[in-house]
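Look over the sequence and the model first.

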Amino acid sequence: MAELLLTDLIDIDLLQKIQDEFSKYTGMAALTTDADGNPLTKGSEFTDFCMKYTRHSELGYKRCVLSDKNAALRALKSGKPVVYVCHAGLADFASPIMLGDRLVGCFLGGQVRISSVIDKKVLEETAEELGIEYKSYYQAMKRINTVRKKDLEKSAKFLGIVAGVLSEMAYQNYVAIEKYRNLEKAARSQSHFLMSLSSELHENMSEWIAALEEIIRNGNVDSVMDVIDTMLANGSATYSIIGDIVDYMKCSDGNIALYESEYSIHDVIQAVEAATLEQASKRKITITHRIAEDVPGLLLGAGGRIEQILVKLVSGAVFLKEDICGESEIVICVSAKKDSYAHILNIEVYDKSMCLSTEEIEKMDDFFSGRRLLIKDRKDKNGFELSIVNLFVRQMHGKISVMSNETEGMRFIVELPQLEVSAN
C-alpha cells in the first residue's frame, strides 16, 4: 500500500473531469495534488492572480505547494474539509483523499476572497518578496470573486463528499490490484517450482546414471544395490511431490472430485500413524491419538481425503522438528460437536514441545490462506503441502488454522462438517 500513488488507483483523466465540473458548478478554482502537495491535474478556473503571478514566481510556487500540503495535513488531522487562507491571502479549502488511513492526495478549491477589502500593505509586501510587479498584482487581486464564508464552507463540504467517494474508489482499486498481484505471484511461484523440480529431476537422473555406470564398470554389486536403494527412496519422494502438484492444479481448477462413503475415524487415524511411523521414528517422535467419546463410530464423508490431510499435517509437524534433538510426542486429538443435522469434526495435530515464532505462524497462515506459494526447491515442499491441505479442507467446506504458544505448544486445527451414519 505504501508504494501506491493516487494515479495508480484512479485515472488522472477522471480526476480532471470531476475537478473541471466542480469548478463550473461553483465558479471556484480547483486542483488535485498528491500527498506532498504536488499538482496531479491542470488547475481548473485558476485565476490570473495565482497562475500568471503567484505560481509563476519560483518562490511563490514553492509556497503554494507547501501551503497545499499543510492544508491537506490539517484536513487529515481534523477528519473533514478545512477552510483556510493561503500564503497570498486568498481563501481556499482542502479535502483529503485517503487509502485506508494513508493520505494519497488532496482536492483543493477556492482562490476567492471572503472580504471586499484588500490589505494593500500586505499585498505589496508579498509582491516584493515574490518579485512581482505590484500594480499588476493588485489589479489581478481586484478581479477575484468575493464570496460569503458560508457559501465557501458549503462548497468545501460538497468537495469533501466527492473526496470521500474517491477514497472509497481508491481503496476498492487497491484491493483489486492486490488480488491481481497475489494471483500473479502464485502463478510465478508455481511456474518457478515446476521449473526447479524439472531441473532437479534431470540433474538427479544424470547423477544416478553416471554413478551406476561407474559402479558397473568397477563390478561392485553391493554398491550397485546401494545406489538403486537411494534412487528408489529419492524417486518416491519426487513422485510424492509431483502427485501433490497434480492435486494442487486439479483443486485450483475445480477438477478434483470428492469420493464420499462410510468411514471410521479410528481407521483413518490408524492409517495415518502407519503412514508416518517410519518418518517419525527416525527423529525419535512418537505419534499417539485421542478420540473423544462424542465422535460417532461411523461417518459419511471423504475418509480418504481426511487421511491425506492428516498425513501431510503430521509430516509437517515432524518436519518442523528436524533441527530439534530428543524424544517427543505428536498427538492427533479428535472430537465432535452436533451442529444442526451434521457433526463438526474437530481434529488437532499438536506437539507440546514445539513453539513457533510469530514469523513462522504468519508464514503458515499465508500458506493456509493461499496468499503464499513461494516454492524455491524441494526443501520447501512442506509449505507447499500446507497449501494443498488448505485446498482439500476448503473443498470439504471446512476450516484450518495453526496456533502456537509456550504453554500449549504448536497445533494444527482442522474443522470439517460430517454426517453421522446411523447404526440402524
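Which residues does V268 touch, not counting residues up to four places away in sequence? V268 touches Y263, G303, I306, E307 and L310, where contact means heavy atoms within 4.5 Å. This is a predicted model, in which local features need pLDDT of at least 70, side-chain atom pairs count only at pLDDT 80 or more, and totals for chains, interfaces and linings use all residues. Residues are numbered from 1 along each chain as its sequence is written, and side-chain values use heavy atoms, with hydrogens and water left out.

V268 lies in helix α9 (residues 265–282). Helices here are DSSP runs of H or I with at least four residues, strands are runs of E with at least two, and both are numbered from the N terminus. V268 is buried, with a relative accessible area of 5%. Buried means under 20% relative accessible area, exposed means over 50%, and partly exposed lies in between (1.4 Å probe, protein chains only). V268 and L310 are 42 residues apart along the chain. Their C-alpha atoms are separated by 8.9 Å.

A127 and L130 take us to helix α5 (residues 120–130). There, L123, T126, A127 and L130 are buried. Seen down the axis of α5, the buried residues fall within an arc of 100 degrees, so they line one face of the helix. That arc is taken from the directions from the helix axis to the C-beta atoms. An α-helix has 3.6 residues a turn, so residues three or four places apart point the same way. K121 and E128 are exposed on the face of α5 turned away from its buried side. Cover for the buried residues of α5 includes α3 (48–54), α4 (58–78) and α6 (134–142). G131 follows α5, and its phi is positive, near 75 degrees.

Now step back to the whole chain. It has 12 helices and 11 strands. Of its 424 residues, 42% count as buried. Among contacts with a separation of 6 or more, 67% come from residues 24 or more positions apart.
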